Amino acid sequence: MMDMAYTVHGEAWTLKELFVLPNEYVYWSIQIVMYPFMTGLVAGAFVLSSLYHVFGIKRLKEIARFSLVFSLALLPVAMMPLLLHLSQPLRGFHVMMTPHFTSAIAAFGIVFLTYGSIVVSELWFVYRKHFVLTVMELKAKRDRTSLENLRLNFNKILTLGAMDISEEALEKDHKATKYLAAIGIPVACFLHGYAGFIFGSVKANALWMTPLMPVIFIMSAVVSGIALCILCYVVTQEIRKFMAKRKMSRWGKDPKAPSLEQLQGAEQGGVAIASNYLLYFMIGAVTLEVLDIIFRGYTQVKSWDILGTVIMERKFVSLWIMQFGIGNILPFIMMVMPGRTVRRTVIACILVLFGVFMMRWNIVIGGQAFSLSFAGFMHYQLPIIPQDWETFREGLFGALLVAITPFVLFWGINKVMPVFLDDKGIPSSVGSVPNGAKASPAVD
Amino acid sequence: MKRRDFLKNSIMVIAGASVPLSALQMVDPKEILAQNPDIHWAFLIDTHTCVGCGFCVKACKIENDVPLEANVSRTWVERYVFTKDDRRYIDSPNAALHGYTDPRIDQGIAGMVDIDPENVGKAFFVPKLCNQCLTPPCTQVCPVGATYKTDDGVVLVDKKWCIGCGYCVMACPYAARFFHPVTHVPDKCTFCYHRIHQGLETACVNACPFEARKLCNIRDVNDPVTRIIMTDRVGILKDEFGTRPQAFYIGLATEVR
C-alpha cells in the first residue's frame, strides 16, 4: 500500500534506459495523442464541408452536410482527452476564469467556443427548414402521442421562432451558411494549428520545436478529417443500401425512398471527389513531415545525436513503416492506381486514419522517447488493463472511450438533424408530409 | 430630479468614489514589494567539493514533504564517470537519496555497469535543482497562471489553483519539475522559500557537509557568495534556451546538460 500511494505520475508506463533525469517520465501519454487526433478530425471534417458551402463544389453536397453534422459530433470529444489528461480535472474551468495568455493552452477555451458556435450556427441555418417542416408536419397531425408532442416542442425550440421558409428566407439562410463556413475555415485551421503550436513552441523538446509544427498539424488534420468523413459516409450509405435491398424500415412503406441505384450513384460521386481532395492534402502533409526530418538530419545540430537515433533506429518501425509506409505511401498508391473503386478508397481511408494516428503518436510519444540529458531513452508502455483511475484514463480504455464517443453522439444528433435529406430538404422522417403544409408555412 | 441636480449628484458620486479608489492603489502590495528590490535569490554550486553523499536530497525531501520513497525529487545529484577509453556513464539512482555507495553505474533497464577503477579517467558529481530562471519557460506556458515568479526571483507553484496539465513540466529544459505523488500537481524546488524569508538557509545548504551548495542575494555585492559569482569563472546549464538560470556552477563540464 505504501508503494502504491507513492507511485509517481508517469511511473506506471515509463521505462528508463541509460541516463534519464530523475524527474523525467512520459508525462504526456495516450490522451495527448488522442487530443490532436480528435481536434484534427473536427477541423478536417469542417474543412471538407466548407469545400461545398464556400467554394460551391456541387458534387460534395451530400458528403458536406454529412461532415458538418459529424464535426458537431466530434466537437465535445476534442475536449475530452484534455479533461481525462488533467491530474486535477475538476479545476479545468480555471482556464476560463484566469486565462494566462502567454500560454498556448490558455486560449483553448476561447478558440474552442468560437469554433463551436460557428459550427452550431451553421448547422442551424442548414437545418432550419427541416425543423420548420417537422414542426408543421407534427402540428398537422390530429391525435399526437405524448412522444410526438415532445418532439413538436423540441423542434419548436430548435426553430427559435423563425418559421419563415419562403424562397427569400431560405436564400438568406444559404447566404449565412456560406459566410459562416468561410469564417469557419480559418477558425478550424486556427483550432488545430494552435494544437500544433502547443507542441512546436516547447523549446525544451528537441523533436517538437519547429515552426513547421502548426502547418504539419493543419495538413494532417484535414487529411484525417476527410478520410474519416469518407469512411463514415460510405458505411452509412452501405447501411442504407442494405436496408433498401431488404426493403427495411421506410423503404418498406415509403414510395419516395431513394432506390438502390440512386444511392449507389450518390455514393460514388461524393467519394470520388472527396478522395481527390484527400490526395492533395496528403501530398502537402507528407512533404512537410519529411522536409522536417531531412532538415534536421542535414543541419545536424547538437540534438541530432539523439534525435537521429530515435528517428532512424528506436522509432524506425512506428515512424517509417507504420506511419509513412502503411499510413501514407500504401494508401497513396492505392488511390492513384487506375480503376479506383469505393471499396479500395475505403481501405485506403482506414490506412490514412491509422497513419495520422501514428503521426500523432510519434510526435507525442517520440518526443518523450529521449532524455533531456540526451544521454538516455524512455520507453512508453500503454497501460491496457486498468489498475486504478490513472491507468484507466491514461490507458487503452480511456483512449477507446474518447474514440467511441463521437459515433454515439453522431447517432443521437442524426435523430434531430438527419444527415440524408433529399433535394427538397425533406428528410426521411417527414417523407410523407401533407402537400398543404409544404406549400404554405402559415398552415396551422 | 432636474438635470442640473442630476449632473451635480453624479459629479459628487464620482468624486466620492475616486477617493477610496486612489486609497486602494496606495496599498497595492506589488508596489510595496517593488520598493524593496534589494533581494534577488541565486545559488552557487561547487562541483569540485561535492562528494555525492546525498544529504541534500534527503534534507530537501524531509523539509518539503516529498515522500522519500517516491522516485522524484526537487533536488538531485548526478554522477559522471568518463573512462580512459572515452566511454561516458551518468546516473542518479533514486535522485542520489542514499548517496553513491555502489560503484556500479545504474543504466535503468540496461542494467548495472561495472567499471574497472583503473580505467576511470575522470569522475565527478553534479548537484542539480531548479535554476529559478530569469525568463522561466514554465511560468510562460501555465494556462491558468498557477505558477509564477516572485519579485525576489523564485518560481513558485500555487497547488490549489493548478489544473495539472503538465505543460510546465514539459517546458522545463532541466526536468526540475515533477508531479507530486500526494498533491497531484507539479512540484519543484522553491529555494525553501518558507525558510529563506525568515533568514534561514535552505534545507540542502544546511545539510551539505562540504559547502558545495550556497545561497546568496545576487543584488548584495557584499555577500561573499555573490562575490564569487561576480569574480570567479562560473557556468550555467543549457544557456542555449535563453532561460538565464540563476543557479551558477563552479567547475561545470560541457558534458553536463
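This is a predicted model: local features need pLDDT of at least 70, side-chain atom pairs count only at pLDDT 80 or more; totals for chains, interfaces and linings use all residues.
Mentor: Residues are numbered from 1 along each chain as its sequence is written, and chains are lettered from A and ligands numbered from 1 in the order in which they are written.

Trainee: How many helices and strands are there in chain A?

Mentor: Helices (H or I, at least four residues) and strands (E, at least two) are DSSP runs, numbered from the N terminus. Chain A has 16 helices and 2 strands. Its radius of gyration, taken over C-alpha atoms, is 24 Å, close to the 22 Å that the globule rule (2.2 Å times the number of residues to the power 0.38) gives for 444 residues, so chain A is as compact as a globular protein of that length.

Trainee: What percentage of the residues of chain A count as buried?

Mentor: A residue is buried if 20 or more other C-beta atoms, placed from the backbone, lie within 10 Å of its own. In chain A, 45% of the 444 residues count as buried.

Trainee: Which residues is M38(A) in contact with, leaving aside its neighbours within four places in sequence?

Mentor: Contact requires C-beta atoms, placed from the backbone, within 7 Å. With those neighbours left aside, M38(A) is in contact with L74(A), V77(A), A78(A), P81(A) and V402(A).

Trainee: How many residues of chain B are in contact with chain A?

Mentor: There are 44 residues of chain B in contact with 43 residues of chain A. On this side of chain B, α5(B) provides the largest share, 4 residues.

Terms used. A residue is buried if 20 or more other C-beta atoms lie within 10 Å of its own, exposed if 12 or fewer, and partly exposed in between; C-beta atoms are placed from the backbone. Two residues are in contact if their C-beta atoms, placed from the backbone, lie within 7 Å.
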